[in-house]
Amino acid sequence: MSVDIACVGFGPATAGFLTTLSRRLSAADLPPLESAAAPGLPLQVVCYERADDLGFGVSGVVTRARGLRAAFPDLDGAQIPMAARVKDERVLYLLDPLGASRRSASLRAADRTIRALRGVLPFADEALELPFTPEFLHKQDGFVFSMGQLMQWMSAQVLASGAVQLWPGTPVARALVEDGKVRGVRLVDQGVDRQGLPDAAFMPGMDVRAALTVVGDGPVGAVGRQLDAELGMPPGNARREWAVGMKFVVDLPEDTRLEPGTVLHTLGFPEPEIFGFLYVHPDHVASVGIFVPSGFASPARTTYRYLQHYVQHPAIWRHLEGARLRSWGAKSLLESGRRGEPFLAGDGFARIGEGSGSTNVLTSSGVDEAFTTGVQLAEGVIALLEAGRPLTKEGLEEAYVARRRASWIEAEARIAEKARDGFQRGFVPGLVGMALAGLTRGRVSLGHEPPHPADAVGTLEDFYAGRIPAEELARLRAECEARGVPLHDALMDRAGWPAVPLDGKLLVSQQDALLMGGKVQAPPGYADHVGFRSAERCRACGKRVCVEICSAEALRPGADGVPSFDREKCVHCGACLWSCTGRLEGTDEVNLELRAGTGGLHSAEN
């Protein structure tokens, strides 16, 4: 099939692109843009989305919404379910009320000082409230959104134009690259077994030829990663800083004092490296979650268990006691920012959104930036089409990349580029580095280049030194492997983290969250999207970080040393990919393969 423009992934970036483009295509007072693929017809534009619905995005969003308000000048939060204007924004430093957190000597000393001065400091419920929200973090006049509801609303705006086609439940396997030029995309094969071999209803993936392929499939998307591998990255750029974000959407107690638009940013607990948030939506609903970074040294990192302890921190639990889980989800975040930017344009393709390096880790913002990159590409494409120019690398760099370079996206990305470098030296230097970058607008940073995620992971023996003897670590590892379960719970129990008091409402098991907080579905007829290149590499791996970090325990220890994969539990967060320590020699590639796949978590509230 031939079209003019094929889009991969329907997220905020592609929504910005299609919103802007569809307005031009449906403008009755302007000359029509005729299709080259189907002469005599309007421009043929199609978008393929992996998820089974256009509103299954997973993220709690607080944003200044500059790009969104520019595109929708009359934007009213009342139009979008779960949206609220930011009214009250605070930053809390959470102390460890349990004594189980792994804290440096300097941080323990700081905690003792804060507790000693509790009578004169804004200290309550084991939390210190900062006297102000740093300007670079502030979302003044912004919005709190549910990603799922925001994307539902945006898809309605795009479809109402009648100018483009949106196809959910249609994953793209790869880009069609010929002589360094992208000529379109190939959809995944259908009617295959779990290994991808043809079955009774086999139908090979369709080739969709396009003059322009817009790649907006997120940080771990198959097409974006394919282009990185085949075309390389710009000199000096690499994708080495990641995090997995996990959240609960909850019904707050009826007597809550939290007003819609309240935003809490937290740091310091459950481990110093883990940041957290609580965003309040209308109708007594809130999003609460944490970010576990790739620089976290423990190979037994477990986002879900840490999230359960996070919501029980006294400063958070005071708002959540009696709350009930509505929805749950997780996703990967590319925290390399500008330093992880790929080639933004080439012959026949352009990159937008988080996969293009637009996320700003200093301001903790990504949705509005992604949306704006899509708008910028659409403006450039419209200008090229109106001038009768081809969508070549030269034209796209002039019309799109130059627009992006001259915008606030680029200016703020440069400020944030090295903001997180200090965390390679520890939590306190990390905070100092962020403050320096923010206050000096990027002119000063600690400048410690991050390692590959596989090289950042330490050993259990180092992480638990002085707390769990090496012999006991070996015994716990052997016991968990024999039972076919991850190691993290046994380690956290032994290290002093209390058992989670499951209440059947908010504090539920990881597997119950899959049932209560959304529906995970993996349709038959598609190949498994997680696999391993070499069984020998898996057997030689002593860390199994992919198993420990798996958001829904879809990966578990396997009998033959290779992790087992249950796609009926996979929420497509992608954390397994960048957590794999089986780095292939001389490359940034790893032993774990994350391919295009369908299904995943079904929950519009995320």
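**Ground rules.** I am working with a predicted model, where local features need pLDDT of at least 70, side-chain atom pairs count only at pLDDT 80 or more, and totals for chains, interfaces and linings use all residues. Residues are numbered from 1 along each chain as its sequence is written, and side-chain values use heavy atoms, with hydrogens and water left out.

**Salt bridges.** I looked up the total and found 43 salt bridges (a side-chain nitrogen of Lys or Arg within 4 Å of a carboxyl oxygen of Asp or Glu). I took Arg 405 and Glu 341 to start, whose side chains meet at 2.5 Å, N to O. Arg 405 sits in helix 9 (residues 393-405), while Glu 341 is in the loop between strand 19 (324-334) and strand 20 (345-346). The two are 64 residues apart, so I noted a link between distant parts of the chain. I then checked cover for this pair: Glu 341 is buried at 4% relative accessibility, and Arg 405 is partly exposed at 32%. Here buried means under 20% relative accessible area, exposed over 50%, and partly exposed in between (1.4 Å probe, protein chains only).

Next I looked at Glu 379 and Arg 403, which meet at 3.5 Å, N to O. Glu 379 lies in helix 8 (residues 367-386) and Arg 403 in helix 9, so this bridge ties together parts that are 24 residues apart in sequence. Helices (H or I, at least four residues) and strands (E, at least two) are DSSP runs, numbered from the N terminus. Glu 379 is partly exposed at 35%, and Arg 403 is partly exposed at 33%.

I also noted a network of salt bridges that links Arg 338, Glu 341, Arg 404, Arg 405, Glu 410, Arg 414 and Glu 417.

**Second largest pocket.** I read its volume as about 1,200 Å³. A pocket is an open set of points on a 1 Å grid over the protein atoms alone, with protein on both sides within 12 Å along at least five of seven lines, and lining residues have an atom within 4 Å of a point. I found 44 residues in the lining, with Arg 225, Arg 533, Glu 593, Leu 594 and Arg 595 nearest the centre. Helix 5 (222-231) is one of the elements that supply at least two lining residues. Helix 5 gives the most, with five.

**Surface patch.** I finished with Val 428, Val 432, Leu 436 and Val 444, which make a nonpolar patch of about 260 Å². Patch residues have over 30% relative accessible area and no salt bridge; nonpolar side chains (Val, Leu, Ile, Met, Phe, Trp, Tyr) are joined within 5 Å, like charges within 9 Å. Val 444 is in the loop between helix 11 (427-439) and helix 12 (453-456). Val 444 is partly exposed at 36%.

Notes
Accessible areas come from the Shrake-Rupley method with a 1.4 Å probe; for residues, only the protein chains shown count as cover. On a 1 Å grid over the protein atoms alone, a cavity is a set of points where a 1.4 Å probe fits but cannot get out, and a pocket is an open set with protein on both sides within 12 Å along at least five of seven lines; lining residues have an atom within 4 Å of a point. Grid points are joined across faces, edges and corners, and a volume is the space filled by probe spheres set on the points.
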